[in-house]
Amino acid sequence: MIIKQAFSWMRLHPYVSGLIALVVIAILYKIVIPSPASYEYVTEPVSRGDVARIVSASGKLRALNTINVGSEISGQVTDVFVDFNSPVTAGQVLARIDPTRIEARVTQARAQVASARATLAQAEASIIRAQTDFEVQSREYGRQQQLADKGFVSKAGIDQARNALANARASLSTAKAQAQSGRAQIAQSEAELSSAQLDLDRTRIIAPTSGVVINKLVEPGTTVAASFQTPNLFEIAADTSRMQVEASVDEADIGQVRVDQLVRFTVDSYPDDTFVAKVGQIRKSATEEQNVVSYLVILDVDNKQGKLLTGMTANVEIVTGTKTNVLRVPAPAIRFRPRKDDRPDEDKKDQKSASKEKFKNRTANIWLASDDPYKPDPRTVTIGLAGEDFVEIIKGVTEEEKVLVRSKNLENEEDEEEDEFARGNT
């Protein structure tokens, strides 16, 4: 009865009935014939080759020996004889400070020395006169004493002769003291002259070593104030054929860095050139910035070509380990996990913790391509040296097997690379 009513309704409403039929057919088509996948997995073959473990860092290029040239006196700079990048030799005059005031000090000190020497000459002449008078008075006192013994001279005459002798002795002592004071005055005046002469010499700013001027901080007319600290006027790189990179290495990587390890680095000025250095020193003093702890690593660089300049930013790669001709897979294969629907039933335990524990024990899960492109096979492998591009596989796979490295969205042609640890239980 119901079927007859339905057919009767369909005959009365042919267009609506046709539309309903199309919808039903479309639904059945979707159920019976699934739509093609909107993604696919990208694979790479297991291969043999080299694996390098690299610690990345950044730093600044510095001259191996940079000397700050300053001024120990105050005054106005009258002349500057060098400029940026000027080569200089040891003893070369770099600049001059106005010497007028110090020249006046030198002249005054010389006059004081001359005056002190004249005073000493007068004191020495007084000594000679006092010595002569003392000798005369000594002889006179002797004669008076002999006459007094014979009774020809009174006691008052003897006292007068004794008093004259004492005065002559005192005059001689005074003259000698004045001469000693004159010598001290000469020494003081000569010291003041030496100090003034030294300051006069310091008005000429001299290069302490040969090198290249990498920084100039003064111009003619600049006033230099050296009252509290020595102002820097120039910076000289003693030898630019050898330089160093001060690289900041994260605390998580510093344990892999050793002295004499090979280093590769690039600078923005020469993006196509790779420069070679080696680890020269690891500073044990830590620096902390925004809760990130790092250590300073000093790299020795050969700069005989002169391309590298101080202050350049170096993008550093420290090679902490290498393996040659080993079985390897691309590094993304260790981290990648297929979509949840394409993975076999997994244990309900915490996959994130399990994955980390495996990686800690030098094992990892990778996914291999199978006959069904959307049903990859899981494989647990033992890994060796882990580099940025490739990871060494000790056992678990064979050469030419294909591993999944990422998924590719076929609708918008975007690659999707998923981290095994971050993806979790999706």
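Predicted model: local features only at pLDDT ≥ 70, side-chain atom pairs only at ≥ 80, totals over all residues.
Tutor: Residues are numbered from 1 along each chain as its sequence is written, and side-chain values use heavy atoms, with hydrogens and water left out.

Student: Why is L385 called buried?

Tutor: Buried means under 20% relative accessible area, exposed over 50%, and partly exposed in between, using a 1.4 Å probe and protein chains only. L385 has 9% relative accessibility, so L385 counts as buried.

Student: What makes R96 and D79 a salt bridge?

Tutor: A salt bridge is a side-chain nitrogen of Lys or Arg within 4 Å of a carboxyl oxygen of Asp or Glu. The N to O distance between R96 and D79 is 3.8 Å, so the pair qualifies. R96 lies in strand 6 (residues 93–97) and D79 in strand 4 (residues 75–80), so the pair ties together parts that are 17 residues apart in sequence. Strands (E, at least two residues) and helices (H or I, at least four) are DSSP runs, numbered from the N terminus.

Student: How do you know that E140 forms a salt bridge with R143?

Tutor: Their closest N and O atoms are 2.5 Å apart, so the pair meets the limit. Both residues lie in helix 3 (residues 100–150), three residues apart, about one turn of the helix.
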